[in-house]
Amino acid sequence: MLKAKNITKSYKNLQVLKGIDLEVKTGEVVSIVGASGAGKSTLLHILGTLDTPENGEVWIQNTNLFSLADDQLAKFRNQQIGFVFQFHNLLPEFTAFENISMPGLIAHQDPKKLEHRVKELMEMLNISHRAEHRPSEMSGGEQQRTAVARALVNDPKIVFADEPSGNLDSHNAEELHQLFFQLRERFNQTFVIVTHNEAFAQMADRTIEIKDGKIASQQAEVNS
Ligand SMILES: Nc1ncnc2c1ncn2[C@@H]1O[C@H](COP(=O)(O)OP(=O)(O)OP(=O)(O)O)[C@@H](O)[C@H]1O
């Protein structure tokens, strides 16, 4: 479902990515690991079209993302790609319900269907009781679960997460990790997750290690 071909990226004299080839299947949970500065976030941002590669292609199903015009790419990103960041990036003036709804409003989802979807996700992520709360009135775990719900509201083909549990205590982190797998079970959702959390990385179906700008190894989970 996701195919990246020969991705390269440099910042001035520093070549961060030196030719990355990657494929991810529908419903797969893939973790990306590597030392600090290895280029994990750079790769994730390129795969998610938040940044552009120097060379190479990224395909999601039959769409060659970087061949799209800017407005088409923005539409594709809104409707087909979800993001979860280390810091939730929720809008502080809006409630949890409104934050989760936002990508659906931008995508002009039918209001009734959107409301149903938001409620379904809030229930699943155990934040229904926080629907009318603003981010500052929620715990770190609740904020991050709200960000996950927001990423899923348009039923995207793929969700990219960059250190999603990096700012959480171990209990909330563990709960969030389990949630990704529950969401995969329920929606057959595809996830690509950058993480420094070793236990989480190993829970994934496949772990990709980035080293010196290349894929150093791809380790399938032993029981998968
Ligand atoms: N906008 C930028 N301008 C210049 N250099 C950058 C930029 N973004 C990233 N870099 C450099 O590219 C390299 C890779 O950065 P990246 O954030 O992708 O690493 P990472 O593997 O995600 O690291 P970490 O685990 O610490 O988050 C680093 O050396 C970083 O300093």
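Mentor: In this predicted model, the contact between α5 and α6 is made on the α5 side by Gly140, Gly141, Gln144, Arg145, Val148 and Leu152. Facing them from α6 are Asn172, Glu175, Leu176, Leu179 and Leu183. By class, this contact of α5 with α6 counts 5 nonpolar, 4 polar and 2 charged residues.

The geometry comes next. Two packed helices are described by the angle between their axes and the distance between the axes. For α5 (residues 140-152) and α6 (residues 170-187), the angle is about 20° and the axes are 10 Å apart. That makes α5 roughly parallel to α6, since an angle counts as roughly parallel when it is under 35 degrees. The crossing of α5 past α6 is right-handed.

Now the sheet. Its 6 strands follow the order β6-β7-β8-β3-β9-β10, in an open sheet with mixed pairing. On average, neighbouring strands here are turned by 20° against each other, direction ignored. The helix you asked about also belongs in this picture: α5 packs on the sheet, where it touches β6 and β7 (158-162), and its direction makes about 170° with that of β6.

Within this sheet, β3 can be followed to both of its partners. With β8 (residues 190-194), β3 (residues 29-33) pairs in the parallel sense over 4 bridges, and Val30 has Val192 in β8 as its bridge partner. With β9, β3 also runs parallel, joined by 4 bridges; here Ile32 has Ile208 in β9 as its bridge partner. In a regular strand the side chains alternate between the two faces of the sheet.

β9 (residues 206-211) and β10 (residues 214-220) pair in the antiparallel sense over 6 bridges. Ile210 stands opposite Ile215 in β10, and Arg206 stands opposite Ala220 in β10. The hairpin of these two strands has 2 residues between them, and Asp212 takes a positive phi near 50° there.

Ala4 has Val58 in β4 as its bridge partner.

The residues around the ligand are Tyr11, Val16, Gly34, Ser36, Gly37, Ala38, Gly39, Lys40, Ser41 and Thr42. The largest share of this shell, 3 residues, comes from α1 (residues 40-47). By class, the shell divides into 3 nonpolar, 6 polar and 1 charged.

The axes of α3 (residues 96-106) and α4 (residues 111-124) come within 10 Å and cross at roughly 130°. α3 and α4 are therefore oblique to each other, and their crossing is right-handed. From α3 the contact takes Phe97, Ile100, Ser101 and Gly104, and from α4 it takes Leu114, Arg117, Val118, Leu121 and Met122. These residues divide into 6 nonpolar, 2 polar and 1 charged.

To return to your request: α5 meets α6 through residues including Val148 and Leu152, and α5 also packs on the sheet, touching β6 and β7.

Key
Residues are numbered from 1 along each chain as its sequence is written. This is a predicted model: local features need pLDDT of at least 70, side-chain atom pairs count only at pLDDT 80 or more; totals for chains, interfaces and linings use all residues. Axes are lines fitted to C-alpha atoms, for helices over the stretch in contact, and angles run from 0 to 180 degrees between N-to-C directions. Angles under 35 degrees count as roughly parallel, over 145 as roughly antiparallel, 65 to 115 as roughly perpendicular and the rest as oblique. A crossing is left-handed if the near helix is turned anticlockwise from the far one by less than a right angle, and right-handed if clockwise. Two residues are in contact if their C-beta atoms, placed from the backbone, lie within 7 Å. Ala, Val, Leu, Ile, Met, Phe, Trp, Tyr, Cys and Pro count as nonpolar, Asp, Glu, Lys and Arg as charged, and the others, Gly among them, as polar. A residue is near a molecule or strand if its C-beta atom, placed from the backbone, lies within 6 Å of it. Two strands pair if DSSP finds at least two bridges between them.
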